Amino acid sequence: MAQYEKSPDVIAALSPEEFYVTQESGTERPGTGKYLDNKAVGIYVDIASGEPLFASAAKYESGCGWPSFVKPIEAGNIIELRDTTHGMVRTEVRSRHGDSHLGHVFPDGPRETGGLRYCINSASLRFVAKEDMEAEGYGAYVDQVEDL
């Protein structure tokens with residue numbers, strides 16, 4: 001199994017928005033993320049560590065303004081924490097190995113797929129297209145990109 005960790009060189013190369021979102025637990029403006037309308041087949045990985053987070057097959061249009069997923073591709077790569085900022089009680093989602101802030105998970109997703117909505121900032125993700133997955137070391141996940 002691949003080892004994933006936050007790289008200081010990668011962190012230094014993040015855009016100001018990517019740094020704000022992943023390292024300072026920020027949020028991109030709704031409707032602005034580069035992956036919101038992405039319909040390509042592949043996986044989404046942590047921009048800081050490369051750990052696999054979500055498959056395109058788990059992505060759906062929730063109308064919330066951020067990419068939404070029904071489940072992580074690898075549950076062990078996700079950490080859920082209680083978040084009481086901004087006068088709300090929510091569940092924050094972070095990457096386990098990169099410790100990147102990804103977004104939040106809510107219990108209002110599609111019932112037929114478990115009822116969860118992982119509301120994720122595009123700025124915390126890097127998309128790996130299906131045809132590039134093997135070459136980039138994500139071949140073990142190819143079977144998960146098209147079927148839930």
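Strand E7 gives the most residues to the lining of the largest pocket, four in number. The model is predicted: local features need pLDDT of at least 70 and side-chain atom pairs count only at pLDDT 80 or more, while totals for chains, interfaces and linings use all residues. Residues are numbered from 1 along each chain as its sequence is written, and side-chain values use heavy atoms, with hydrogens and water left out.

**Pocket**

The space in the largest pocket is about 220 Å³. A pocket here is an open set of points on a 1 Å grid over the protein atoms alone, where a 1.4 Å probe fits and protein lies on both sides within 12 Å along at least five of seven lines; lining residues have an atom within 4 Å of a point. The volume is the space filled by probe spheres set on the points, which are joined across faces, edges and corners. The lining has 15 residues, and those closest to the pocket centre are Thr27, Arg90, His101, Gly103 and His104. Strands E6 (90-95), E7 (101-106) and E8 (117-120) are the elements that give two or more residues to this lining. Strands (E, at least two residues) and helices (H or I, at least four) are DSSP runs numbered from the N terminus. By class, the lining has four nonpolar, eight polar and three charged residues. Ala, Val, Leu, Ile, Met, Phe, Trp, Tyr, Cys and Pro count as nonpolar, Asp, Glu, Lys and Arg as charged, and the others, Gly among them, as polar.

**Sheets**

Six strands form an open antiparallel sheet in the order E3-E4-E8-E7-E6-E5. Strands E3 (59-60) and E5 (78-83) stand at its edges with a single partner strand each, so one side of each is left without a neighbour in the sheet. Strands pair if DSSP finds at least two bridges between them.

Five of the five residues of E1 (42-46) are buried, that is, under 20% relative accessible area, with exposed being over 50% and partly exposed in between (1.4 Å probe, protein chains only). E1 and E2 form a hairpin with five residues between them, and glycine 50 in the turn has a positive phi of about 85 degrees. Isoleucine 43 has alanine 55 in E2 as its bridge partner, and aspartate 46 stands opposite leucine 125 in E9.

| Strand pair | Bridges, sense |
|---|---|
| E1 and E9 (125-129) | five bridges, antiparallel |
| E1 and E2 (52-55) | three bridges, antiparallel |
| E5 and E6 | six bridges, antiparallel |

**Nonpolar core**

A nonpolar core is a set of buried Ala, Val, Leu, Ile, Met, Phe, Trp, Tyr and Cys residues joined through side-chain atoms within 4.5 Å. The largest one has 14 residues, of which Tyr44, Phe54, Phe69, Val93, Tyr118, Ile120 and Leu125 touch the most other members. At least two residues of this core come from each of E2, E7, E8 and E9. E9 gives the most, with three residues.

Most residues other than glycine have a negative phi. Serine 25 has a positive phi near 55 degrees; this serine is in the loop between helix H2 (16-23) and E1 and is partly exposed at 38% relative accessibility. Histidine 86, with a positive phi of about 60 degrees, is in the loop between E5 and E6. Histidine 86 is exposed, with a relative accessible area of 68%.
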